[in-house]
Amino acid sequence: MDLAERNRLIAVTKGFQPLRGLIYVPAGLLNVALSVANSSGYHPHHSVAEVLGFLALFPCAIAATFAAWWYYRRRFGVVRSKCRGGRSVLLLTVGTMVAIVTLVGAMYVDDTFYEHPAASYPVSLTCLWWAILYVSFYLAPYGVRPHSLWFAALFFGLCFLTLVGVAPKSQFFMGSGRAGDIVIWLAFSVHGLLDHLLLLRLLPKASQEQAAAQSAAQSGKQHD
Amino acid sequence: MTDLSEKLPAPNRLVHEPARLAILTVLSACDSADFLFLEQVTGLSKGNLSVQLTNLEAVGLVEIRKELVGKRTHTMVTLTNLGRDEIQSYWEKMDELRAYRVSSLMPQEG
């Protein structure tokens, strides 16, 4: 076995959990839909049916997320990482809480733009947060997601554009329905899709051909 | 004449077999994996994988547990301590082999 094959086996094993990108795509697309609705001025309040139709987006996203999780379980099986146990769970929990708190903090500080534009920081801290998040995606696991660096570069670039005043910082307020908000969630969805494609690429050719044959067989059964 | 085989580190032949090596490498990167995951990642057929796992279990390199998940039997495979030591030792020896320069074994002329 050569080094490339060894690295492939280790990368796909260690990276399997985070590379299940289809699980994250529904959440991203839901937020894109909400941002688009917000930006077009759509507010479902004319009838109960309209409100229910709007709210139906949420269970649909949850169902799609569960379907993606089930797909990975049935297609790839189960792998339990070495990072299990109290200390790892504690680190993961603390890390998640820190990430949420810093995001909320970044959004709050960005939002002061409305009240105190002169005193507000010129750079979009929300974009900076996303850039750092994509850098962390690259670093874990095992440096196997080079495409995450491109997304990090995108958001660092957007930070720079807000810093020099080319792009208005207000565009990147999350939940605002503005173009930047849509960019954030669209990037999140595309990143999840790329993770999934990378996972498929890391499989050996025999598994890829088997998957293609299974898909063809299922399509044939549906046509019959 | 210098006997190269005496100077070069000898990897474990049981581990060296490609299918078993792939299985052990995957298991060394995780806590445990199920049969389907091993099949997908290594590209081995079901039959071949089953035979190799049986062989590895027989020599104590892996531990196989069958878990009941609903109505399905789930086969989980874990590397034993011996298995971890063997695969680590194997890769260390392979790294030594790669780093080992054949020219250093050639008898010096003159």
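User: In this predicted model, at roughly what angle do the axes of helix 2 of chain A and helix 4 of chain A cross, and how are the two helices oriented to each other?

Analyst: The axes of helix 2 and helix 4 of chain A come within 9 Å and cross at roughly 160°. Angles over 145 degrees count as roughly antiparallel. Helix 2 of chain A and helix 4 of chain A are therefore roughly antiparallel.

User: Which hand does the crossing of helix 2 and helix 4 of chain A have?

Analyst: On the side of helix 2 of chain A, Pro26(A), Leu30(A) and Leu34(A) take part in the contact. They meet Leu57(A), Phe58(A), Ala61(A), Ala64(A) and Thr65(A) in helix 4 of chain A. The crossing of these two helices is right-handed.

User: What span should the 15 residues of helix 2 of chain A have, and how far apart are its end C-alpha atoms?

Analyst: Helix 2 of chain A covers residues 25-39. At 1.5 Å a residue, its 15 residues should span 21 Å. The distance between its end C-alpha atoms agrees with this, at 21 Å.

User: Which helices are among those that cover the buried residues of helix 2 of chain A?

Analyst: The buried residues of helix 2 of chain A are Val25(A), Pro26(A), Gly28(A), Leu30(A), Val32(A), Ser35(A) and Ala37(A). Of these, Pro26(A) and Leu30(A) are also in the contact with helix 4 of chain A. The cover includes helix 3 (48-55), helix 4 (57-76) and helix 8 (179-202) of chain A.

User: How are helix 6 and helix 8 of chain A oriented to each other?

Analyst: Helix 6 of chain A, residues 125-139, packs with helix 8 of chain A at an angle of about 10°, with the axes 12 Å apart. The contact is made by Thr126(A), Trp130(A), Tyr134(A) and Phe137(A) of helix 6 and by Ile184(A), Trp185(A), Ala187(A), Phe188(A) and His191(A) of helix 8. Angles under 35 degrees count as roughly parallel. The two helices are therefore roughly parallel.

User: Is Leu200(A) buried, partly exposed or exposed?

Analyst: Leu200(A) lies in helix 8 of chain A. Buried means under 20% relative accessible area and exposed means over 50%. At 26% relative accessibility, Leu200(A) counts as partly exposed.

User: How many helices and strands does chain A have, and in what order do the elements run?

Analyst: Chain A has nine helices and one strand. Of its 224 residues, 35% count as buried. From the N terminus on, the order of the elements is α-α-α-α-β-α-α-α-α-α.

User: Why is helix 4 of chain B described as largely enclosed, and which residue follows it?

Analyst: Helix 4 of chain B spans residues 35-42, and six of its eight residues are buried, so it is largely enclosed by the rest of the structure. The buried ones are Phe37(B), Leu38(B), Glu39(B), Gln40(B), Val41(B) and Thr42(B). The residue that follows has a positive phi, near 80°, and is Gly43(B).

Methods. Residues are numbered from 1 along each chain as its sequence is written. Chains are lettered from A and ligands numbered from 1 in the order in which they are written. This is a predicted model: local features need pLDDT of at least 70, side-chain atom pairs count only at pLDDT 80 or more; totals for chains, interfaces and linings use all residues. Side-chain values use heavy atoms; hydrogens and water are left out. Helices (H or I, at least four residues) and strands (E, at least two) are DSSP runs, numbered from the N terminus. The expected span of a helix is 1.5 Å times one less than its number of residues. Buried means under 20% relative accessible area, exposed over 50%, partly exposed in between (1.4 Å probe, protein chains only). Contact means heavy atoms within 4.5 Å. Axes are lines fitted to C-alpha atoms, for helices over the stretch in contact, and angles run from 0 to 180 degrees between N-to-C directions. Angles under 35 degrees count as roughly parallel, over 145 as roughly antiparallel, 65 to 115 as roughly perpendicular and the rest as oblique. A crossing is left-handed if the near helix is turned anticlockwise from the far one by less than a right angle, and right-handed if clockwise.
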